[in-house]
Amino acid sequence: MSAPRVETRVEPRVEPRAEPRAEPLVEIHNLAKSYVRGEQIVPVLSDITLDIQEGDFTALMGPSGSGKTTLLNLVAGIDKPDCGTLRVGGLDITTLTESQLADWRASNVGFIFQFYNLMPVLTAYENVELPLMLTGLGRSERRERVEMTLSVVGLADRMKHYPNELSGGQQQRVAIARAVITDPRLIVADEPTGDLDRSSAADILAMMQRLNTELGKTIIMVTHDGQSARAAKAIIHLEKGEIIGNVEPASA
Amino acid sequence: MFLLTLVCRNAFRHRLRTLLTVSGLAIAVLAYGLLQTVVDAWYAGAAAASSTRLVTRSSISLTFFLPVSYENRIRSVEGVKHVARSNWFGGIYQEPKNFFPQFAVSDNYLNLYPEFILPEDQRIAYVRDRKGCLVGRQLADQFGFKVGDVLPLRGAVYPGRWEFVIRGIFDGSDSTKFTKQMLFHWDYLNETLRRTTPRRADGVGIFVVGIDNPDNAAAASVNIDQVFRNSLAETLTETEQAFQLGFVAMSDQIIAAIQIVSYVVILIIMAVMANTMAMSARERTAEYATLKTLGFGPAFIALLIFAESMFICALGGGVGMLLTSPAAAGFKQAAGGIFPIFAVSRETITMQLACAAAVGIAAAVVPAIRAARVRIVDGLRAIT
């Protein structure tokens, strides 16, 4: 028996704000996505409606194949939905061309991956500098930003190290530095602690919480680990491509 | 700068693979250069031919002689300035492997070849000595001949033991001139033949004809042959270049085979290089997807692959090109006298460069297109 489909409008603030709510950073309406496997069309997401406010830290949870990574990819603009609307920062990104999406991602989204996805031939410094290559910043300005960001993530003394010379936790911190270097409004993280030991995972989650609380970054994190999800302010459960139940505060 | 850094580091990620590919490229480019130089060497005689020289020979075959009396009749043809006699001697110096061309020539022969430079005192000494001979600089250097040395030859076309005294050493006006040859008096040969085998005397292998204007070459050739039409020994007159190319044509299938092999070598290395680039690009699918995720466009990914391919080809091609001249010198040495002019031409170097660039571009096309087109979500899922 499948779980009842619930159209959910997310108001995922744990602590209600006193002031009037601003326009959500992410607005999703009736979003659907399916993949073609051979001659079969496999629905992955269906009829997703969801709002995420600026400054939220939302965890997407669900079993394998529930569509959480697909939803994250759609919100991050690295995949396109079959139908529905998806507005991020007021912009309907489903209408953008590949080239426009690339530009939009470069300035609006920071990415954190499970396996870090650092360039193995570049040093920690160069990996963090990578997104800045697409900006018009000069060399000295880039240097200043990269050094400062690496200091923030505690890797000032590892700048010249290559990824294979760093531990998993350190690599993920480099990835976090790379994600925030362009000061994006939205950070998406796909299983950011999935490849880490418990201690490193705790460090990474603490760092993400700091990004959210101190720098006000909106974070959407995919995880299937309940403990990791508790670092978020709100948890959305997905199953078989649909949002199950109501958004629950992470502390619940 | 960033692109260059990324390209260089990517190129050397698998050092052994890159080293082997670069070595393969270097060998292929070197082989191509050497094979093309062999082909050039084959044509070197024709390329160095003068446009103001004609060659008159028997219309039947080179092995048939023309009467020496033809000389004055050729000289009387309009447009003809000089006529010189030349007979292939075909002697053996010590042993057959020491082959070099020897010609019995009339004394005015060098007047037709201003590219051969002979000191005046040596020319006079040569003219005065019936048994005197001239050797080219390349020949003198090879065997250590000096003026005054006796040069003994065992006759093959003209049997017997022949002895000559080296009276002069001539130089070429530039390094492309073929000076690995020996010239001696046609009169000496003819007088000896009159004594030993009179029926072979007074025969001339070819007449070298100097004309006043290259534009008149065709007319002068027709006019000379017209003079001897319906005679017992009809002539065939052609430009020196056409005469030389006639020799080349005898071995044109070998030359064609050499040229085909030279291109096959490039095709093989193109396939090897394409495989290398395909493997590299496939291994980095997730990295390219990550770059795209960060906002780098498909064009940047394609450029990255093209640049890496070109970088590896530049290394391999560069090494191959650098090695070509020394290898050609070694090849020339090892080949003995087969290729008197064996120099790597500018055209060959240009073609080596073009081949290396073509390999670089061709090898990158498919991986670049694939990497540029891969969907980010598929690329991120790729197993690295």
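## Helix crossing in chain A

In this predicted model, α5(A) and α6(A) cross in a right-handed manner, that is, the near helix is turned clockwise from the far one by less than a right angle. Helix α5 spans residues 168-180 of chain A and helix α6 residues 198-213 of chain A; their axes are 9 Å apart and form an angle of about 15 degrees. Axes are lines fitted to C-alpha atoms over the stretch in contact, with angles from 0 to 180 degrees between N-to-C directions. α5(A) and α6(A) are therefore roughly parallel, the term for angles under 35 degrees.

From α5(A), the contact involves Gly168(A), Gly169(A), Gln172(A), Arg173(A), Ile176(A) and Val180(A); α6(A) contributes Ser200(A), Asp203(A), Ile204(A), Met207(A) and Leu211(A). Contact requires C-beta atoms, placed from the backbone, within 7 Å. These residues comprise 5 nonpolar, 4 polar and 2 charged, where Ala, Val, Leu, Ile, Met, Phe, Trp, Tyr, Cys and Pro count as nonpolar, Asp, Glu, Lys and Arg as charged, and the others, Gly among them, as polar.

## Chain A overall

Chain A contains 7 helices and 10 strands, assigned as DSSP runs (helices H or I, at least four residues; strands E, at least two). Of its 252 residues, 49% are buried, with 20 or more other C-beta atoms within 10 Å of their own. Among contacts in chain A with a separation of 6 or more, 70% join residues 24 or more positions apart.

## Domains of chain B

Chain B comprises domain 1 (2-45 + 252-381) and domain 2 (60-233), with bounds from an automatic or database domain assignment. The C-alpha centres of these two domains of chain B are 48 Å apart.

## Conventions

Residues are numbered from 1 along each chain as its sequence is written, and chains are lettered from A and ligands numbered from 1 in the order in which they are written. Local features need pLDDT of at least 70 and side-chain atom pairs count only at pLDDT 80 or more, whereas totals for chains, interfaces and linings use all residues.

Note on methods
Angles under 35 degrees count as roughly parallel, over 145 as roughly antiparallel, 65 to 115 as roughly perpendicular and the rest as oblique. Two residues are in contact if their C-beta atoms, placed from the backbone, lie within 7 Å. A residue is buried if 20 or more other C-beta atoms lie within 10 Å of its own, exposed if 12 or fewer, and partly exposed in between; C-beta atoms are placed from the backbone.
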